Amino acid sequence: VTVLSPGQSSGTAPTEISVTAAAMDALREAGERSLLRCFASTELRPQGCPNAVEFRRLSSSKPRPASWTLVGDPWAKAQITPVAGEPTQLEVPLTVRARVIVTDPESTRVLLAMNHLTFKVTVRSTVYRDRLTLEWVTG
């Protein structure tokens, strides 16, 4: 599985194949793993992830770790659908709910706590014979 940042190209165009149930299962598994990696990040804006917030007062040169919590299972009711006219592409609209807390690493004082974040995203995937790409599309 290749995870792309928004706008990044996956390289070679896929050959014409049809998307199978196994490919849809692979997309779901890859998406779940990718989302868990995103939520394991200690950054407020993890690269290539749907969970990202900006808080200007924290934008100093001193790193402050973020602690992300995924709320619920965004994949529970996910509907994976083929993209019309694109036989090797799949899309999954998701609602990702989250919490993030940022603390000062020296004093452990809470600097930022956002408890009710909602990210409306789409997971896009291109299925190749031996792999698939996965891209988190926000906004």
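A residue is termed buried when its relative accessible area is under 20%, exposed when it is over 50%, and partly exposed in between (1.4 Å probe, protein chains only). The structure described here is a predicted model, in which local features need a pLDDT of at least 70 and side-chain atom pairs count only at pLDDT 80 or more, whereas totals for chains, interfaces and linings use all residues. Residues are numbered from 1 along each chain as its sequence is written, and side-chain values use heavy atoms, with hydrogens and water left out.

The protein contains 1 helix and 6 strands; helices (H or I, at least four residues) and strands (E, at least two) are DSSP runs, numbered from the N terminus. Read from the N terminus on, the elements follow the order β-α-β-β-β-β-β. Of the 139 residues, 37% count as buried. The accessible surface comes to about 8300 Å², and carbon and sulfur atoms contribute 49% of that area, as computed by the Shrake-Rupley method with a 1.4 Å probe, where for residues only the protein chains shown count as cover. Among contacts with a separation of 6 or more, 64% are accounted for by residues 24 or more positions apart, a contact being defined by heavy atoms within 4.5 Å.

The structure holds 1 disulfide, defined as a pair of cysteine sulfur atoms within 2.5 Å. In general, a disulfide is a covalent bond between the sulfur atoms of two cysteines. The bond is formed by Cys-38 and Cys-49, with their sulfur atoms 2.1 Å apart. The link of Cys-38 and Cys-49 is left-handed, with -85° about the S-S bond. Because Cys-38 lies in helix H1 and Cys-49 in the loop between H1 and strand S2 (66-71), the pair ties together parts that are 11 residues apart in sequence. Both Cys-38 and Cys-49 are buried.

Helix H1 spans residues 21-40 and includes Ser-34. Ser-34 has a relative accessible area of 3% and is therefore buried. The side chain of Ser-34 makes a polar contact with the side chain of Trp-136 at 2.9 Å; such a contact is a pair of N or O atoms within 3.5 Å, where within protein one must be able to donate a hydrogen and the other to accept it, and residues adjacent in sequence count only if both atoms are side-chain atoms. Strand S6 (residues 132-138) includes Thr-133, which is likewise buried, at 3% relative accessibility. The C-alpha atoms of Thr-133 and Ala-30 are separated by 9.1 Å, although these residues are 103 residues apart along the chain.

A salt bridge requires a side-chain nitrogen of Lys or Arg within 4 Å of a carboxyl oxygen of Asp or Glu, and by this rule the count comes to 2.
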